[in-house]
Amino acid sequence: MQSLRVGFIGLGIMGRSMVRNIHRAGFPVTVWNRTERKMAEAREWGAETADSPRAVAEVSDVVITCVGDTPDVREVAEGPEGLLNGAREGLIWVDMSTIAPEATRELAARAAEQGVRMLDAPVSGGDIGAREGTLSIMVGGDAEVLETVRPVLEAMGKNIVHCGPHGAGQTVKACNQILCGLNLLAVVEALAFAKKAGVDLEKMIEVTTQGAGGSWALANLAPRIVKGDLDPGFSVRFQQKDLRIVLQEAEQMNLPLVGTAVVQQLLRSVQAYGGDDDGTHALIRVMERLAGLDFSR
């Protein structure tokens, strides 16, 4: 399977680690990114580079996209220099971005017209999971296509689940983002409670991570908050994009998501104070303002 030639489009916080793990697993990789600096970094560890998504597709058996939003996916796929314009029949396209399920179904149909088989395969696990190759990958599309590319996905993730037809992976990712948002709010409120009560925050985290209230957010983001490290493993900007997708889908289903809407509004406050590119755990800044707390002391 290592003979599969893999193209990778999008070298952001997640993508740069994901493609490096693919290369370490023995797959030849060709990459493209809008900024040359990130492609130069990839050349240093052995990747080939291309001058467009189209050129990536021309030399690949599997093309993976990991970009910011639906318009970005459409651009790298359907634009004049998009991957579909360089694709031959039989190419497999795996979109690991997080976009709306309906957009995924539209893109899958467009790809099929050219004989390109598509999977939607968004991920969860943040920058840590991307670096360590332990991402959860939720896949929509044909199960046989998934089995063809499973060895490539296994270089990036440890929990790879076929969720259903096209769009199902994106729907499950939306569920994941609901959980992430509400878990993070719980972490911030617990930290504020402990801080106000004068309890040692590190000891509170040590105990509660092993209890029934433990979560990934508590184990990984709470210590960053205590240290004052708000650098993004996943930015407020992209979490807000994901929650927008969730709430738009919920509106179409006439489904009330009260907690998710609250989290989105609180993160909007983070954005209003210039925190768009901070990590999502910058939500603590809202709690500081609401409760008159200062986590820097």
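**View 1. The charges of the chain and their mean positions.** In this predicted model, the mean positions of the 30 positive and 38 negative charges of the chain lie 5 Å apart. Lys and Arg are counted as positive and Asp and Glu as negative, while His and the chain ends are not counted, and each charge is placed at NZ of Lys, CZ of Arg, CG of Asp or CD of Glu.

**View 2. The setting of N21.** N21 belongs to helix α1, which covers residues 15-24; helices (H or I, at least four residues) and strands (E, at least two) are DSSP runs, numbered from the N terminus. With a relative accessible area of 10%, N21 is buried, because buried means under 20% relative accessible area, exposed over 50% and partly exposed in between (1.4 Å probe, protein chains only). When its neighbours within four places in sequence are left aside, N21 is in contact (heavy atoms within 4.5 Å) with A130, R131, E132, G133 and A155.

**View 3. The fold around these details.** The chain has 14 helices and nine strands, and 53% of its 297 residues count as buried. Of the contacts between residues at least 6 apart in sequence, 65% join residues at least 24 apart. Along its principal axes, the C-alpha trace spans about 65 × 45 × 35 Å.

**Notes to the views.** Residues are numbered from 1 along each chain as its sequence is written, and side-chain values use heavy atoms, with hydrogens and water left out. As the model is predicted, local features need pLDDT of at least 70 and side-chain atom pairs count only at pLDDT 80 or more, whereas totals for chains, interfaces and linings use all residues.
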